[in-house]
Amino acid sequence: MSEQQIISGDLLIFEGDPFTDAPEQAVQIKSDSALLIEGGWITQIGSRDEMVAAHPQAKHHAHKNKLICPGFIDAHVHYPQTAMIASWGKRLIDWLNTYTFPEEMRSADRAYADDIAGRALDLALAHGTTTQASFCTIHPTNVDAFFEAA
């Protein structure tokens, strides 16, 4: 049996279809609730008290009055540009020529690509992004670094 963990707090739950249901039906916040996690998967959701009583062996991470929500999905990421985030440019072409293209050319170096890939994924996860569609450069080393880091 894998280690069990309980994370408790106020759960943001999606229970309906946001395109057809009223907002209060599609999305709910369940106060003082908990998730049971087994083997990295959420296996049960319920009230905090019931979950703790039913699984006394589980490690409990209590986050009273904190919102527990699903991981975020980022549908458009350019991981090779991680090192140049927030670089300033007057016009798009200036920004591309000054920052983007030179930074992306560095991805031909596998060691550099490995460093940026790991950093980009760590930053995303640290900010709650658990899924992303990321663009790589034309360099095979860049693509390999990203897939291995992931």
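## Basis

The model is predicted: local features need pLDDT of at least 70, side-chain atom pairs count only at pLDDT 80 or more, and totals for chains, interfaces and linings use all residues. Residues are numbered from 1 along each chain as its sequence is written, and side-chain values use heavy atoms, with hydrogens and water left out.

## The sheet

Four strands form an open sheet in the order E3-E2-E1-E4, with mixed pairing. Strands (E, at least two residues) and helices (H or I, at least four) are DSSP runs numbered from the N terminus, and two strands pair if DSSP finds at least two bridges between them. E3 and strand E4 (59–68) stand at the edges with a single partner strand each, so one side of each has no neighbour in the sheet. On average, neighbouring strands of this sheet are turned by 30° against each other, direction ignored; axes are lines fitted to C-alpha atoms, for helices over the stretch in contact, and angles run from 0 to 180 degrees between N-to-C directions.

Strands of a sheet pair through backbone hydrogen bonds, either parallel or antiparallel. E1 and E2 are antiparallel over 10 bridges. Across this pair, Gly 9 has Ser 33 in E2 as its bridge partner, and Ile 7 stands opposite Leu 35 in E2. E2 and E3 are also antiparallel, over six bridges, and here Leu 35 stands opposite Ile 45 in E3. These two strands form a hairpin with two residues between them, and Gly 39 in the turn has a positive phi of about 60°. E1 and E4 pair in the parallel sense over six bridges, with Ser 8 opposite Ala 62 in E4.

## The largest pocket

The largest pocket has a volume of about 450 Å³. Its lining comprises 16 residues, and the closest to the pocket centre are Leu 35, Ile 42, Cys 69, Pro 70 and Gly 71. On a 1 Å grid over the protein atoms alone, a pocket is an open set of points where a 1.4 Å probe fits, with protein on both sides within 12 Å along at least five of seven lines; lining residues have an atom within 4 Å of a point. Grid points are joined across faces, edges and corners, and the volume is the space filled by probe spheres set on the points.

Strands E1 (4–14), E2 (27–38) and E3 (41–47) are the elements that give two or more residues to this lining. E1 supplies the largest share, four residues. The lining residues divide into 13 nonpolar, three polar and no charged; Ala, Val, Leu, Ile, Met, Phe, Trp, Tyr, Cys and Pro count as nonpolar, Asp, Glu, Lys and Arg as charged, and the others, Gly among them, as polar.

Ser 33 lies in strand E2 and is buried, with a relative accessible area of 7%. Buried means under 20% relative accessible area, exposed over 50%, and partly exposed in between (1.4 Å probe, protein chains only). Neighbours within four places in sequence aside, Ser 33 is in contact (heavy atoms within 4.5 Å) with Ile 7, Ser 8, Gly 9, Leu 11, Gly 46, Ser 47 and Arg 48.

Ala 145 belongs to helix H5 (residues 140–149) and counts as buried at 2% relative accessibility. Not counting residues up to four places away in sequence, Ala 145 touches Tyr 79, Arg 110, Ala 113, Asp 114 and Ala 117.
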